[in-house]
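Here is a short report on a protein model. It covers strands, a helix and charged pairs.

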Amino acid sequence: SSDLKYLDYKKQRELEHSVKKKTFVNKDEEKRVLKKIPVKKLNSSMIHGAADVGSDLLLQFNDGHRYKFYNVPERVKKELMTAGSHGKYFAQNIKDKYKYEKVAELQRALSERTH
């Protein structure tokens, strides 16, 4: 069982690495990968979770939609993760300030699915 967990972890690291390196054949492949990346759960009524993906930020909202925000500075990512209100921080510092793209429509966020 621990071998399987290690393999899952290793596969996950490879997924994240491939996203950071942007080694995609096309947009469909990129979206497939971004759909599978686990997000760090946030205690927010708006944002289910976030993942740092190279220079970009992946956000999953509580309605299940995932968006990739391009070229978000590390400082902004860190501040989002530690903000008293993630939704308010997002609205003031990320929304309408960075180019973004919808990458997935997942089921409504379920807490068992996060790591």
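## A hairpin

This is a predicted model. In the hairpin of β3 and β4, three residues sit between the strands, and G64 takes a positive phi near 95 degrees. Strand β3 spans residues 56–61 and pairs with β4 in the antiparallel sense over four bridges. L58 has K68 in β4 as its bridge partner.

## The sheet

Five strands form an open sheet. Their order is β1-β2-β3-β4-β5, and the pairing is antiparallel. The edge strands are β1 (40–41) and β5, each pairing on one side only.

Strand β2, residues 47–53, pairs with β3 over six bridges. There, D52 stands opposite L57 in β3. On the other pairing, β4 and β5 (residues 100–105) are joined in the antiparallel sense over five bridges. K68 has E101 in β5 as its bridge partner.

Is strand β4 mostly covered or mostly open? Mostly covered: five of its five residues, 65–69, are buried. H65, Y67 and F69 point one way from β4. R66 and K68 point the other way.

Helix α2, residues 27–36, lies across β2, β3, β4 and β5. The helix runs at about 65 degrees to β5.

## Salt bridges within helices

Side chains of opposite charge can pair when their charged atoms come close. The structure holds nine salt bridges. One of them links K27 and E30, with the closest N and O atoms 3.2 Å apart. Both residues lie in helix α2, three residues apart, about one turn of the helix. K27 counts as partly exposed because its relative accessibility is 41%. E30 is at 8%, so E30 counts as buried; the cut-off for buried is under 20%.

R75 and E79 form another salt bridge, with the closest N and O atoms 3.3 Å apart. Both lie in helix α3 (residues 74–82), four residues apart, about one turn of the helix. R75 has 52% relative accessibility and therefore counts as exposed. E79, at 32%, counts as partly exposed.

K102 is partly exposed, with a relative accessible area of 30%. E105 is exposed, at 55%.

Technical notes
Residues numbered from 1 in each chain as written. Predicted model: local features only at pLDDT ≥ 70, side-chain atom pairs only at ≥ 80, totals over all residues. Heavy atoms only, no water. Buried < 20%, exposed > 50% of the residue type's maximum accessible area, 1.4 Å probe, protein only. Helix = DSSP H or I, 4+ residues; strand = E, 2+ residues; numbered from the N terminus. Pairing = 2+ DSSP bridges. Contact = heavy atoms within 4.5 Å. Axes fitted to C-alpha atoms, helices over the stretch in contact; angles between N-to-C directions. Salt bridge = Lys/Arg side-chain N within 4 Å of Asp/Glu carboxyl O.
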